[in-house]
Amino acid sequence: MPSQQRARRSAGLLLFRRSGEAGFEVLIGHMGGPFWARRESAAWSIPKGEYGPEEEPAAAARREFAEEFGHPVPDGGWVALGEARQSGGKTVTVWALEADLDAASAVPGSFTMEWPRGSGVLREFPEVDRFAWCTPREAAERLVTGQRVFLDRLRERLADGRGTPAREGS
């Protein structure tokens, strides 16, 4: 199948920690680059990225977390949160992992793009310009719309005891 016709797939890892009245918080990142710079609502994402047919989704989730956060994935079992199709047609697969990292310790990767558009000037921007721990309510306001379903799925799994981690990627 030609590459432009291949279904776009992405995989990610949603870290969570148990805390306070909300019961848990999640670690999400504000997307980098000039398009997102002045936006807060629907400008945050679960650490994730695209992968091709030669890579397993769990391996892609591990790779993308390390690239975007700048540190390896913490040890622990992964909780499958399933797939969701985004408005742009991409299918995203996400796992949750209970861990507590310092959001300020992130060292995100970067990308290069022409900016301002049409100027011929290439500039480098961070993939993610900051990370934050958020309650589910805060995260629902900040996350891009198509990723909010993973918050609900994590809440359900934690509430009914299915938040017990399985081995990675299962």
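This is a predicted model: local features need pLDDT of at least 70, side-chain atom pairs count only at pLDDT 80 or more; totals for chains, interfaces and linings use all residues.

Begin by selecting Gln 86, Ser 87, Gly 88, Val 144 and Gln 147, which lie nearest the centre of the largest pocket, a space lined by 15 residues. About 270 Å³ lies in this pocket, and its lining is made up of four nonpolar, eight polar and three charged residues.

Next, select Met 31, Ser 45, Lys 48, Glu 68 and Glu 127, which among the 14 lining residues of the second largest pocket are the closest to its centre. The space here comes to about 190 Å³, with five nonpolar, four polar and five charged residues in the lining. If you then show strand S4, residues 48-51, you will have the element that gives the most to this lining, namely three residues.

Now turn to the aromatic rings, of which the structure holds five pairs. Phe 35 is exposed, at a relative accessible area of 56%, whereas Trp 36, at 19%, is buried.

Move on to Phe 69 and Phe 131, another edge-to-face pair, with 4.9 Å between the centres and 75° between the planes. This pair links distant parts of the chain, as Phe 69 belongs to helix H1 and Phe 131 to strand S9, 62 residues apart. Phe 69 is buried at 1% relative accessibility, and Phe 131 is also buried, at 8%.

Finally, select Arg 142 and Trp 44, where the charged end of the arginine sits over the ring of Trp 44, 4.8 Å from the ring centre.

How values were computed:
Residues are numbered from 1 along each chain as its sequence is written. Side-chain values use heavy atoms; hydrogens and water are left out. On a 1 Å grid over the protein atoms alone, a cavity is a set of points where a 1.4 Å probe fits but cannot get out, and a pocket is an open set with protein on both sides within 12 Å along at least five of seven lines; lining residues have an atom within 4 Å of a point. Grid points are joined across faces, edges and corners, and a volume is the space filled by probe spheres set on the points. Ala, Val, Leu, Ile, Met, Phe, Trp, Tyr, Cys and Pro count as nonpolar, Asp, Glu, Lys and Arg as charged, and the others, Gly among them, as polar. Helices (H or I, at least four residues) and strands (E, at least two) are DSSP runs, numbered from the N terminus. Rings of Phe, Tyr and Trp (its six-membered ring) pair if their centres lie within 6.5 Å; planes under 30 degrees apart count as stacked, over 60 as edge-to-face and the rest as tilted. Buried means under 20% relative accessible area, exposed over 50%, partly exposed in between (1.4 Å probe, protein chains only). A charge sits over a ring if NZ of Lys or CZ of Arg is within 6 Å of the ring centre and within 35 degrees of the ring normal.
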